Amino acid sequence: MEDSPLKVLTVATAPYLDQWPGCGGLRRRVGVFQSNRHYLHNFLQSVFSCMDLRERQGCTLVVGGDGRFFNRTAMELVVQMAAANGVGRLIIGHHGIMSTPAISCLVRKYKAMGAIVLTAGPHPGGPHGDLGVKFNSANGGPAQETVTNKIYQISRTLEEFTICPGLRVDLGALGRQEFDLENKFKPFTVEIVDSVESYANLLRNIFDFAALKELLSGEHRIRIRVDAMSGAMGPYLRRILCEELGAPAKSVANCVPLEDFGGLHPDPNLTYAADLVDSMQDGHYDLGAALDCDGDRNMILGKHGAFVTPSDSLAVIAANIFCIPYFQHTGVRGFARSMPTSAALDKVAQATKIDLYETPVGWGFFGNLMDAGRLSLCGEESFGTGGDHIREKDGLWSVLAWLSILAIRRKSVNDIVKDHWRKYGRNYYTRRGRYDYEGLDLDAAWQLMDDLEVLMMEKSFVSQRFAVADNIYQVEQADNFEYTDPVDSTITRNQGLRIMFTNGSRIVYRLSGAGGVGATIRVYIDSYEKEDIFQDTQVMLAPLATIALKISQLHVRTGRSGPSMIT
């Protein structure tokens, strides 16, 4: 503890009008935070000010990040401003690095008021990359829209922030550090913790580690390859998969967190995890997986690099959910998927008579259902899957779920997926489930979506038939998706334009601001086949892709010949 109390300063500032924290938090290029005076200070003060003053005084917050460039600088600022704003205790991961699933775990373990998460999701790091700041609430999940709206409104009128500039924390020293601040009756406490052990202990209570150890290191062991993409989940993979479950050291890759993620894009898909895909081609490994930089997203591969779409992965886990001991004890309360995610999960829910929820994009909607005891398993097309053990998606949990299925079923990943299609039919889906038109003028994109909605709402549109070669699709329903939360009855509108066809196929158009500069219109194509289940995905999606362009005229309105498929 310092010999004399540290000074707390109130500093005048000017507001920024662009600090809107979406469901993934505030994400900007590192240069924005570096070159705009007090840009990060302002946003952090808006986060602290959105908390009820009485609840904030003396509260506990969890702080962690994915280890990207500028995270340590940002974390120092979080500590200094948390202390000055009356927070009593911070729980911080060793060296400031903590996966997003582990952060959610620790919020719940320590009954914290919430967390400040320093991650830009699966976006590049380094000096020219992105930085992100997200506030998670007391349930361990992303803050609800009412909270993010409040943060944004505060940021637009902010005139000052409070900081303790002399406070310095040693992020490398495990244990408790205490600091006296002027005009504070109790010391400010920082605890540097081994988040890997807390998270591992949570997983031990969900999965049968003895069975998984036999699968990975026993006489008839399988070979796996899991890529941490130089992000925060690397230490967790080494400790849990290798040290505890006995997988050989070469079973994991890129497990040292790097500020620039090795110069690569830390997004677990077939394009950016190309090294993993290549390593799977010769058939040496039975299961491959990649996790993004903060460890919440995952991609699953079978032998020879057979790709399991996130939608299929979710559906297969649902269909085999009782291979996971946790669900044998708790039962299954419900399944959920985000609206753009393929309807593969729906078929499992129908067959098992388990409640299904279709929500807007954003993990917070799942968390609300989980808190109410209505949801056990959920996922989204953007490589996110998770259970109700925490309130974030969880990449390593998803890998262990697949390993649990393999341990019980004693079949390959490839055969399990094919068996699933034979039973439930197949939802053909683009590799990331969508075609993206990026970098569009925002006003023009809004106008295009408005015009498309007018067209779809015409009475003559429903029942309209579209023919492409030998394929005929008839519109059964068209709408602008809105969601009424069954827990609190809040209504979320304008979540995407949906066209549903009589054969179970869908086209979805969504306007997003998350694609970088400008607006992005995402087109999702979901083609359902009950019998013709072993065909090439792009061949099977081609008719619906043609219809999607014919209806929207996106290629004409944007002046682009066609969408760039995200893989």
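Over the face of which residue does Lys-347 lie? In this predicted model, where local features need pLDDT of at least 70, side-chain atom pairs count only at pLDDT 80 or more and totals for chains, interfaces and linings use all residues, numbering runs from 1 along each chain as its sequence is written. Side-chain values use heavy atoms, with hydrogens and water left out.

Lys-347 lies over the face of Tyr-528, at 4.2 Å from the ring centre. A charge is taken to sit over a ring if NZ of Lys or CZ of Arg is within 6 Å of the ring centre and within 35 degrees of the ring normal. The charged end of Arg-426 likewise sits over the ring of Trp-421, 3.9 Å from its centre.

The structure holds 13 aromatic pairs (rings of Phe, Tyr and Trp, the last by its six-membered ring, with centres within 6.5 Å; planes under 30 degrees apart are stacked, over 60 edge-to-face and the rest tilted). Phe-179 and Phe-188 form a tilted pair, because their ring centres are 6.5 Å apart and their planes stand at 40 degrees. Tyr-16, Phe-33 and Tyr-39 are linked into a cluster by ring pairs.

Nine of the ten residues of helix H11 (residues 310–319) are buried, among them Asp-312, Leu-314 and Ile-317. Helices (H or I, at least four residues) and strands (E, at least two) are DSSP runs, numbered from the N terminus.

How values were computed
Buried < 20%, exposed > 50% of the residue type's maximum accessible area, 1.4 Å probe, protein only.
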